[in-house]
Amino acid sequence: MDPTFAQPSSRPMRPFARLLESLLFTPSRNAKLRLMERYFAETPDPDRGWALAALSDGVEMPAISASRIRGLVEARVDPVLFALSYDYVGDLAETVALIWPPPDAGGLGNESETPRLGEVVDRLRAASRTEIGGVFAALLDRMEPSERLALIKLVTGGMRVGVSARLARTALARWSGRPLERIEELWHGVEQPYTALFGWLDGGPEPDVDLSLAFRPMMLANPVEDRWSDLDPTAYRAEWKWDGIRVQAASFGGERRLFSRTGEDIAQAFPDIIATMAWEGCVDGELLVIKSGAVAPFSELQRRLGRKQVGAKLLADAPAAMRLYDVLHDGERDTRALPFDERRQALEAWQARWQPERTDLSGLIAFSDWAELEVLREGARAEAQEGLMLKRGDSPYEGGRPMGPWFKWKRDPLTADCVLIYAQRGHGKRSSFYSDYTFAAWTGAAPGSNELTLVPVGKAYSGYTDEELKKLDRWIRNHTVERFGPVRSVAPELVLEVAFDAVQRSTRHKSGIAMRFPRIKRIRWDKPAAEADRLETLEAMIPSGPAA
């Protein structure tokens with residue numbers, strides 16, 4: 001697929017629609033990069049900037065809920081026809097794009113013309129919450145199906161085209177020849193639609209922005225797999241890989257930022273951390289919930305992720321803390337070029353000087369050889385850790401994932417045989433397949449009864465091949481018991497071997513447990529459902545206590 005992104009005079013929204021469609025149906029990473037490179041090269045400002053914002057950070061505008069979109073459609077289309085179409089297509093955005101009445105010359109203008117992407121964004125951002133529905137509908141009236149789909153994805157923030165913010169920035173680097181690390185540093189100092197950034201990428205001067213509070217591209221590790229035995233143990237330092245989320249905290253001149261690994265500012269969800277950052281510098285660490293000096297399960301931290309506001313009760317129930325790995329700026333001194341061993345000394349001195357609240361250091365693990373360290377790794381699960389990190393003592397802090405300096409040596413995943421009970425249609429290119437699977441384990445019925453029942457224990461939508469997906473989809477259609485819109489209840493006859501990182505208690509699920517990162521490892525066509533695992537087996541995998 002090699003679409004042309006040059007702007008047609010009458011349909012200037014079409015290139016953005018073509019880009020999204022092409023990205024959705026292009027599995028190759030390099031092919032996605034080429035599509036974005038070409039779009040950025042051929043598309044003028046500010047359209048390319050708003051497209052970049054949509055693919056990366058999202059465009060801030062008044063929200064339009066799914067229920068409101070359905071209401072707008074049902075005001076123009078028979079609600080029964082819409083419900084049947086939605087059930088068949090399985091994706092709200094695609095259904096609306098296809099079923100919305102054709103462009104009407106009685107709308108906002110000539111039916112042969114559509115506004116540019118920049119004009120679309122301006123109209124939506126200028127609309128109040130009461131006006132946004134009418135503006136959105138009027139724009140749909142002037143668009144063809146592919147443009148409508150792009151518009152709906154824009155207003156809902158649901159791109160789902162297989163592009164991360166970093167991949168979009170990588171496309172900028174490849175197209176312009178500018179260093180990716182510098183693009184990522186400038187990123188948070190330039191406002192959408194990134195006109196100043198594109199001016200520099202086109203060959204102009206670098207944007208003049210204050211980078212003290214900007215996100216520093218994080219250094220990431222590669223899986224060590226079986227290569228650890230080939231490494232020199234004396235060259236590496238080991239520390240625990242804690243089960244939280246990686247963060248970067250920057251504090252300069254009273255201004256404070258807290259970034260996720262992808263550079264998203266998550267300060268609003270963690271005011272307790274922000275309130276304690278009365279220090280100068282930039283540090284890298286793990287965000288955890290720590291109670292009485294012990295790390296709580298990841299599910300406690302998950303309660304706070306993505307929130308715009310956090311109430312007093314949640315702040316008290318799930319107190320956040322940072323466990324530090326590295327120092328990137330010691331005050332105003334940039335330490336990233338120093339070897340890891342020197343940065344570690346600087347981090348320890350920084351911690352002793354500032355003594356920040358809700359903050360401690362991730363300790364280094366003394367070891368003499370890999371066999372000794374492997375024993376510790378095998379016990380990581382019992383200590384509520386994900387595994388180990390291996391870092392060369394002479395490695396500088398480099399943004400990205402350089403090969404060799406840092407490795408992650410994760411614990412082996414847990415597995416369980418579970419019974420498929422529900423299947424749901426996927427999104428995007430999977431919208432025609434039942435690709436999201438809810439599975440269950442056996443548990444005892446009422447006291448005194450020998451009967452077993454199935455109780456849901458998890459949901460997964462990855463781990464299988466395209467051929468396996470097709471086979472699963474056929475099986476689900478042939479074994480459907482009930483239908484609930486895009487969801488089907490199936491006969492409890494198929495066993496899925498599920499891999500997951502951990503099991504934890506959860507009051508949100510009927511089973512009382514939750515799996516961390518479940519994925520399909522194998523389809524057990526050969527195994528009777530009666531031989532699937534019991535809930536008690538999964539409960540036994542819950543760690544006995546948190547790690548100090």
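Let's start with Ser292, which counts as exposed because its relative accessibility is 85%. For that word, exposed means over 50% relative accessible area, buried under 20%, and partly exposed in between, with a 1.4 Å probe and protein chains only. Ser292 has a positive phi of about 50°, although it is not a glycine. You will find Ser292 in the loop between strand E5 (281-291) and strand E6 (294-295). Helices (H or I, at least four residues) and strands (E, at least two) are DSSP runs, numbered from the N terminus.

A word on what we are looking at: this is a predicted model, where local features need pLDDT of at least 70, side-chain atom pairs count only at pLDDT 80 or more, and totals for chains, interfaces and linings use all residues. Residues are numbered from 1 along each chain as its sequence is written, and side-chain values use heavy atoms, with hydrogens and water left out.

Now, is Tyr194 buried or exposed? Tyr194 counts as buried, because its relative accessibility is 1%. Phi of Tyr194 is also positive, near 60°, and this residue is not a glycine either. Tyr194 sits in the loop between H11 and H12.

Pro46 lies in the loop between helix H2 (29-42) and helix H3 (47-55).

Let's zoom out. The protein chain has 19 helices and 21 strands. Its radius of gyration is 26 Å, close to the 24 Å from the globule rule for 548 residues, so the chain is as compact as a globular protein of that length. That radius is taken over C-alpha atoms, and the rule is 2.2 Å times the number of residues to the power 0.38. Buried residues make up 52% of the 548 in the chain.

Finally, how many cavities of 30 Å³ or more does the structure hold? There is 1. A cavity is a set of points, on a 1 Å grid over the protein atoms alone, where a 1.4 Å probe fits but cannot get out; lining residues have an atom within 4 Å of a point. Grid points are joined across faces, edges and corners, and the volume is the space filled by probe spheres set on them. The lining of the largest cavity includes Asp243, Leu288 and Phe298.

Methods
1 Å grid on protein atoms, 1.4 Å probe; cavity = no way out; pocket = protein on both sides within 12 Å on 5 of 7 lines; lining within 4 Å.
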